Amino acid sequence: MGFVTPTNESVLEFEGLHLYHSGVSNCSMRVCMTLEEKRLEWTSHHLNILRKEHITPEYFGINPNGLVPTLVHDGKVIIESDDIIDYLDDRFPDPPLKPTDDGDRNDMYFWLRRATAIHLKAVKPYIYHIRVGKRMAHSQEDDEKYRSLQKNPDLLEFHRKSTNEGFSDEEIGRARTTLNDCFSEMDAMLEEHDWLAGGRFSLADIAWVPLQFTLHRLANYEFGSLGNVDDWSRRLSARNSYRDGIIKWWPPGFGSA
Ligand SMILES: N[C@@H](CCC(=O)N[C@@H](CS)C(=O)NCC(=O)O)C(=O)O
């Protein structure tokens, strides 16, 4: 579980559920959807990551990676979206979002872990290369500030490439192949089932639909040839948690419709 001890101790006083999140962040969408599925009361601490509102000593004192989302529950700080949604399901089991059957539960964790594994090496480079990087103006001062706060070498490397050097054609090609492989495999699986893990909606669907949403909106990733993924995303878009967890926070007019 992604519990951390914050150096910004102000959050230790928080009562109830507080979420640091961003409307354009697919990782944040997972947590917002889970909170909405469970109809939980929560306090939003929205950070506009395109305006770098998360690059502050105060926020790095809560999440040492300086990334969203971060959940604070009664003063306990949890980072990493897959750990947060798993935690929420354990603490607030109604309605349950993990399958009871062992095999289906393993499938669910497989998709959760896979979403995490491809994030920094495929999802982020692909989206930043095609869309976000171009929108994020940055100065030498911004870079210095980031470098003074960020201690994680992988994230420093990502920042260097996404803001200055750019990604090579090989890196973007590899990212595209990883995404194509994941979604093709998902399409084949969805031939048999309506949902990713067993016969019921679960955290696996919550982990992946934000990827489908942001890749389509921000990077014009085409799902047209993946008919089962397309149908699955339509089923998800009919849920209230999609409306209140994703659409409600998405900046109007950002990305293609
Ligand atoms: N593995 C982390 C990844 C978090 C992450 O990369 N969040 C992105 C938004 S989806 C972010 O904070 N981006 C801002 C940045 O890289 O500075 C998780 O699943 O929570």
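Student: How many residues of domain 1 and domain 2 are in contact in this predicted model?

Tutor: In the model, 17 residues of domain 1 are in contact with 19 residues of domain 2. Domain 1 covers 3–91 and domain 2 covers 102–239. Their centres, taken over C-alpha atoms, are 19 Å apart.

Student: Which helices supply the side of domain 1 that touches domain 2?

Tutor: Helix 1, helix 2 (57–60) and helix 3 each bring at least two residues to that side. Helix 1 gives the most, with 5 residues. By residue class, the side of domain 1 that touches domain 2 has 8 nonpolar, 4 polar and 5 charged residues.

Student: What does alanine 204 touch, not counting residues up to four places away in sequence?

Tutor: Alanine 204 touches Asp107, Met108, Trp111, Leu112, Leu196 and Ala197.

Student: Why are helix 1 and helix 3 called roughly parallel?

Tutor: Set the angle against the cut-off. The axes of helix 1 (residues 26–37) and helix 3 (residues 81–91) cross at roughly 10 degrees and come within 9 Å. Angles under 35 degrees count as roughly parallel, and therefore helix 1 and helix 3 are described that way. In this pair, Cys27, Arg30, Val31, Thr34 and Leu35 of helix 1 meet Ser81, Ile84, Ile85 and Leu88 of helix 3. The residues of that contact divide into 6 nonpolar, 2 polar and 1 charged.

Student: And what makes helix 9 roughly perpendicular to helix 10?

Tutor: Again, start from the angle. The axes of helix 9 and helix 10 (residues 227–237) cross at roughly 105 degrees and come within 11 Å. The range for roughly perpendicular is 65 to 115 degrees, so helix 9 is roughly perpendicular to helix 10. Asp205, Val209 and Gln212 of helix 9 make the contact with Val229, Ser233 and Leu236 of helix 10.

Student: Why does aspartate 74 count as exposed?

Tutor: Count its neighbours. Aspartate 74 has 12 C-beta neighbours inside 10 Å. A residue with 12 or fewer is exposed, so aspartate 74 falls in that class. It sits in the loop between strand 4 (70–73) and strand 5 (76–79). Aspartate 74 touches Glu15 and Gly16, leaving out residues up to four places away in sequence. Histidine 193 is 119 residues from aspartate 74 along the chain, and their C-alpha atoms are separated by 38 Å.

Student: How do you know that leucine 156 is partly exposed?

Tutor: Leucine 156 has 13 other C-beta atoms within 10 Å. Exposed requires 12 or fewer, and buried requires 20 or more. The count of 13 falls in between, so leucine 156 is partly exposed. Leucine 156 is in helix 7 (residues 153–165). Aside from neighbours within four places in sequence, leucine 156 is in contact with Arg147 and Gln150. Arginine 91 is 65 residues from leucine 156 in sequence and 34 Å from it in space, C-alpha to C-alpha.

Definitions and conventions:
Residues numbered from 1 in each chain as written. Predicted model: local features only at pLDDT ≥ 70, side-chain atom pairs only at ≥ 80, totals over all residues. Helix = DSSP H or I, 4+ residues; strand = E, 2+ residues; numbered from the N terminus. Contact = placed C-beta atoms within 7 Å. Axes fitted to C-alpha atoms, helices over the stretch in contact; angles between N-to-C directions. Parallel < 35°, antiparallel > 145°, perpendicular 65-115°, else oblique. Nonpolar A, V, L, I, M, F, W, Y, C, P; charged D, E, K, R; others polar. Domains from an automatic or database assignment.
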